[in-house]
Amino acid sequence: MTTRFPAAVLRSYEEPFTVEEVTLRAEPGPGEVLVEIAGAGMCRTDLAVRRSAGRSPLPAVLGHEGAGVVVATGGGPDPALDVGDHVVLSFDSCGHCRNCRAAAPAYCDSFAALNLFGGREEGPPRLTDAAGKALAPRWFGQSSFAAYALVPARNAVRVDPDLPLELLGPLGCGFLTGAGAVLNTFAAGPGDTLVVLGSGAVGLAAVMAAAAAGVRTVAVDRHPERLDLAERFGATPLPAGSHGLPERIRRLTDGGAQYALDTTASAPLVNDALHALRPTGTLGLVARLHAPLTLEPGTLDRGRGIRHICEGDAVPGLLVPRLTGLWRAGRFPFDQLIRTYPLADINEAERDCDAGRVVKPVLLPERRDR
């Protein structure tokens, strides 16, 4: 099977994306499905490829928050998907290592190899440009900045067809990460207190999930418009530059937050968050650190802990339906964070994302016959 379709290709770490016609020379194999993409979220991890110092192979089709319709299946042992099913695509995992078998696929032994540095091994290249040159294998098992994606059925989650499919892709990564940190990692509930550092897509998803779980939340950010959003979704806003930030957080959380979630990778904010925790409190980190993290004296005293959280500790097939259920109930209004762009406007979407003019861009491929 040969399929030609438009895709956004990143050819160098410094240049803009180019929307080109690419060719997929393969049909789904066992455990794979071909998905027509309805929408794909743009995540900071996609844009971080530009700073990856050559570790991510180029040219490549990026995109790892896709959602769409299954148009072909290859059968196999994975959960059955049928042509016509609506699916949200999430991260790839091997399915057989110790962590995958323990329902912790975000900590798959092969996570980096499958998602970040080349994807699953391919014989002759499946995806090529118009000149026949290979494009890098599937980014996060997807490469969903395109009209179609050939993906492992393992990382496709069936969703109800009456949901707004073109908006659902970010539930597979960014919104999954923030909400999962609250609902899975912290298992926070009524009576608990949380401080969220950074009110971007991940942070605001955490704020919404916390509100749905009955958790009292303080949101910290340097952008007033982001704090306005956090307040709308149920958090108490607090400017990041506030004098005596830990003390102010402690006053707002009756002596200290039980949980803190950092999405900024800012060392001063990480230390402020640790100082603001009550005894036995936990700080979760979701952003990648780009410099050594120096902790101030006393930050880990009295049972306080710190850990990294990957993909919200989620099993996507469990958390994605939970989040869509909360959305139906009006308790997780993630659609209010989204602005859509035609795939052809991907560079405008990237500029708006970098400038903070949009919380979550979602790219809509042009629909065309295969």
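A residue counts as buried when its relative accessible area is under 20%, as exposed when it is over 50%, and as partly exposed in between (1.4 Å probe, protein chains only). Keep that in mind for one of the stops below.

You are looking at a predicted model, where local features need pLDDT of at least 70, side-chain atom pairs count only at pLDDT 80 or more, and totals for chains, interfaces and linings use all residues. Residues are numbered from 1 along each chain as its sequence is written, and side-chain values use heavy atoms, with hydrogens and water left out.

**Stop one: a sheet.** Helices (H or I, at least four residues) and strands (E, at least two) are DSSP runs, numbered from the N terminus. Two strands pair if DSSP finds at least two bridges between them. Find the open sheet of 4 strands, ordered S4-S1-S2-S7 with antiparallel pairing. Its edge strands, S4 (60-61) and S7 (127-128), each pair on one side only. Now select S1 (residues 2-10), which pairs with S4 in the antiparallel sense over 2 bridges.

**Stop two: a cis bond.** Go to leucine 58 and proline 59, which are joined by a cis peptide bond with omega about 0°. Proline 59 sits in the loop between helix H1 (44-47) and S4.

**Stop three: positive phi.** Select serine 143, in the loop between S7 and strand S8 (148-152). Its phi is near 55°, a positive value in a residue other than glycine. Is serine 143 buried or exposed? Serine 143 is buried, because its relative accessible area is 4%.

Finish at threonine 280, in strand S14 (residues 277-285). Threonine 280 has a positive phi, near 70°, and is a residue other than glycine.
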